[in-house]
Amino acid sequence: MAGFVHILKLCVGADSVEDLLDWQRTHPSPFPTGERRHVTRMWPKREAEVLAGGSLYWVIKGVILCRQRIVRLDEVAGADGILRCGIVMDPEVVRTEAAARRPFQGWRYLDAADAPRDLPKGRETDSALPEEMALALAAIGLR
């Protein structure tokens with residue numbers, strides 16, 4: 001059993017990994033070292049396991065397609081004064097094999113053993129199949 005867990009999150013508003021990359025390019029990082037931060041309402045109860053090597057896996061249009069390594073968790077006060085969890089991630093977006101996921105609210109834990117594998121650097125998809133076909137196969141659990 002791995003000593004860490006990942007976080008799974010819907011990438012709302014993005015239709016592709018390129019949309020996520022474009023958004024991150026056009027919205028400057030609040031950190032001088034370029035990390036990205038996603039603020040969420042709930043703090044992970046399994047914080048130590050997340051910080052022991054976890055990544056945030058992005059679900060885009062019902063399919064996990066990429067991840068970003070989690071660097072730390074910051075307390076972030078909202079305009080309403082309520083404290084939230086800022087998931088601070090490495091700026092590098094790593095593409096993964098496609099893995100279908102049903103819609104959910106908030107975020108979920110993803111065990112390391114169940115995480116899709118990273119694609120080799122420079123490879124944008126996990127097969128020679130057309131993207132629509134690969135996504136359709138992933139959606140029915142065949143990839």
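**The largest pocket**

Helix H1 supplies the largest share of the lining of the largest pocket, 4 residues. The model is a predicted one, in which local features need pLDDT of at least 70, side-chain atom pairs count only at pLDDT 80 or more, and totals for chains, interfaces and linings use all residues. Residues are numbered from 1 along each chain as its sequence is written, and side-chain values use heavy atoms, with hydrogens and water left out.

- The lining of the largest pocket has 15 residues, and those nearest its centre are Cys11, Val12, Leu20, Trp23 and Trp58.
- S1, helix H1 (17-26) and strand S2 (36-40) are the elements that each give two or more residues to this lining.
- By class, the lining holds 8 nonpolar, 3 polar and 4 charged residues. Nonpolar covers Ala, Val, Leu, Ile, Met, Phe, Trp, Tyr, Cys and Pro, charged covers Asp, Glu, Lys and Arg, and the others, Gly among them, are polar.
- The space in the largest pocket is about 280 Å³.
- A pocket is an open set of points on a 1 Å grid over the protein atoms alone, where a 1.4 Å probe fits, with protein on both sides within 12 Å along at least five of seven lines; lining residues have an atom within 4 Å of a point.
- Grid points are joined across faces, edges and corners, and the volume is the space filled by probe spheres set on them.

- Helices (H or I, at least four residues) and strands (E, at least two) are DSSP runs, numbered from the N terminus.
- In strand S3 (residues 55-60), 6 of 6 residues are buried, meaning under 20% relative accessible area with a 1.4 Å probe, protein chains only.
- Ser55, Tyr57 and Val59 point one way from S3, while Leu56, Trp58 and Ile60 point the other way.
- S3 pairs with strand S1 (residues 5-10) in the parallel sense over 4 bridges, where pairing requires at least two DSSP bridges. Ile7 stands opposite Leu56.
- S3 and strand S4 (residues 63-77) run antiparallel and are joined by 6 bridges. Val59 stands opposite Ile64 in S4.
- These two strands, S3 and S4, form a hairpin with 2 residues between them, and Lys61 in the turn has a positive phi of about 55°.

**Ser55**

- Ser55 belongs to strand S3 and counts as buried because its relative accessibility is 2%.
- The side chains of Ser55 and Arg67 are joined by a polar contact of 2.8 Å. Such a contact is a pair of N or O atoms within 3.5 Å; within protein, one must be able to donate a hydrogen and the other to accept it, and residues adjacent in sequence count only if both atoms are side-chain atoms.
- Leaving out residues up to four places away in sequence, Ser55 touches His6, Ile7, Arg67, Gln68, Arg69 and Ile70, with contact meaning heavy atoms within 4.5 Å.

How values were computed. Buried means under 20% relative accessible area, exposed over 50%, partly exposed in between (1.4 Å probe, protein chains only).
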